[in-house]
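This report describes selected features of one protein model.

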Amino acid sequence: MTLSPGRAVLHRHFARDTLVWAPLARIVADDELGLRLWMATGSPLIREVTTDGRGPRDMPFAEWVLAPKKIIQDVYRGPSTLKFNPRGAAYSVWWLFDPAGRFRAWYVNLEEPSVTWDDGAVAGIDLTDQDLDIWVWPDRRWDWKDEDELNERLAFPEHYWVGDAEAVWEQGRQVVPAIEAGAWPFDGTWTDFRPPAGWSIPPPVAEGWDRPRERR
C-alpha cells in the first residue's frame with residue numbers, strides 16, 4: 001500500500017492495543033526508500049490523558065497505569081518535523097526544524113516497524129514507540145534519550161509494551177555507526193527540506209481515529 005503525497009494521515013502510537021498519541025501529518029513521499037511524513041507545529045493531535053488532564057510524563061509509571069484515562073483532542077506543540085520510516089525498520093529518523101525553518105537536530109525514534117492503512121476517508125500509520133531514543137546534533141555528536149523511562153517501565157511487565165529491552169538497545173547501537181560516520185541519512189540530506197507552500201494545517205479528525213490497530 002502506498003499513500004499519496006500531500007494526504008493528511010493519523011500517525012497513531014499505541015501501548016499494545018491502546019491508542020496513546022496520534023498527531024496528524026502529511027505524506028511527503030511513500031516509495032522504495034520508505035515513508036516520509038511532515039508534522040507541522042500546531043497540527044491536530046489526539047492523545048490519552050488521565051481524567052484530570054495529566055500525561056504519562058507527569059507522574060511515575062506506577063501511578064499512570066492505574067489512573068483512569070480519557071482521549072482528548074489537542075494540538076502538537078513540538079518543533080515541525082520531517083519523519084522518515086525506512087521500509088521494515090524498527091526505528092524512524094526525524095529532522096527537527098525551528099520556527100524559521102532551520103534544521104536543528106536529528107532524532108532517532110526506536111519503535112516497532114510501522115504499518116499503514118487506508119480506509120478511504122481516513123488513513124494512518126500505526127506503531128508502538130519503544131521509548132529509548134537518540135539525539136543527534138548537526139556536528140554528529142549524539143546521546144541516548146529516555147533510557148530512564150525504559151528502565152522505570154521495565155519493572156511493570158504486565159503493563160509495559162516493551163518485551164525485549166536488549167533488542168531495543170541493540171537496534172539503537174546499530175544506528176550509531178552511520179551517525180558517527182555522517183553517513184546517510186545523517187549526511188545532510190533533507191536538512192533543507194521545506195513543505196510545499198500550499199500545505200496548510202489539516203483539520204482535526206472527528207471519526208475513524210479509534211479503528212482497531214493495524215498489525216503486520
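## The largest pocket

The largest pocket holds about 1,100 Å³ of space. Its lining has 39 residues, and Val20, Trp21, Pro56, Arg57 and Asp129 are the closest to its centre. On a 1 Å grid over the protein atoms alone, a pocket is an open set of points where a 1.4 Å probe fits, with protein on both sides within 12 Å along at least five of seven lines; lining residues have an atom within 4 Å of a point. Grid points are joined across faces, edges and corners, and the volume is the space filled by probe spheres set on the points.

The model is predicted: local features need pLDDT of at least 70 and side-chain atom pairs pLDDT 80 or more, while totals for chains, interfaces and linings use all residues. Residues are numbered from 1 along each chain as its sequence is written, and side-chain values use heavy atoms, without hydrogens and water.

β11 (129-136) gives the largest share of this lining, four residues. Other elements that supply at least two residues include β1 (8-15), β2 (18-30) and α2 (147-153). Helices (H or I, at least four residues) and strands (E, at least two) are DSSP runs, numbered from the N terminus. By type, the lining has 17 nonpolar, seven polar and 15 charged residues. Here Ala, Val, Leu, Ile, Met, Phe, Trp, Tyr, Cys and Pro count as nonpolar, Asp, Glu, Lys and Arg as charged, and the others, Gly among them, as polar.

## The second largest pocket

The second largest pocket has about 190 Å³ of space. Of its 14 lining residues, Arg87, Gly88, Ser114, Thr116 and Arg216 lie nearest the centre. β6 (80-86) and β9 (115-118) each supply at least two of the lining residues. The lining divides into seven nonpolar, four polar and three charged residues.

## Helix α3

α3 has 17 residues and reaches 26 Å from its first C-alpha to its last. That is close to the expected 24 Å, which is 1.5 Å times one less than the number of residues. Buried residues (under 20% relative accessible area, 1.4 Å probe, protein chains only) of α3 include Val168, Trp169 and Ile179. Among the elements covering them, by contact (heavy atoms within 4.5 Å), are β7, β8 and β12. Just after α3, Gly182 takes a positive phi of about 65°.

## Ser200

Ser200 is found in the segment after α3 (165-181). Ser200 is partly exposed, at 46% relative accessible area, between the buried limit of 20% and the exposed limit of 50%. Ser200 and Ser43 are 157 residues apart in sequence, and their C-alpha atoms are 9.3 Å apart in space.
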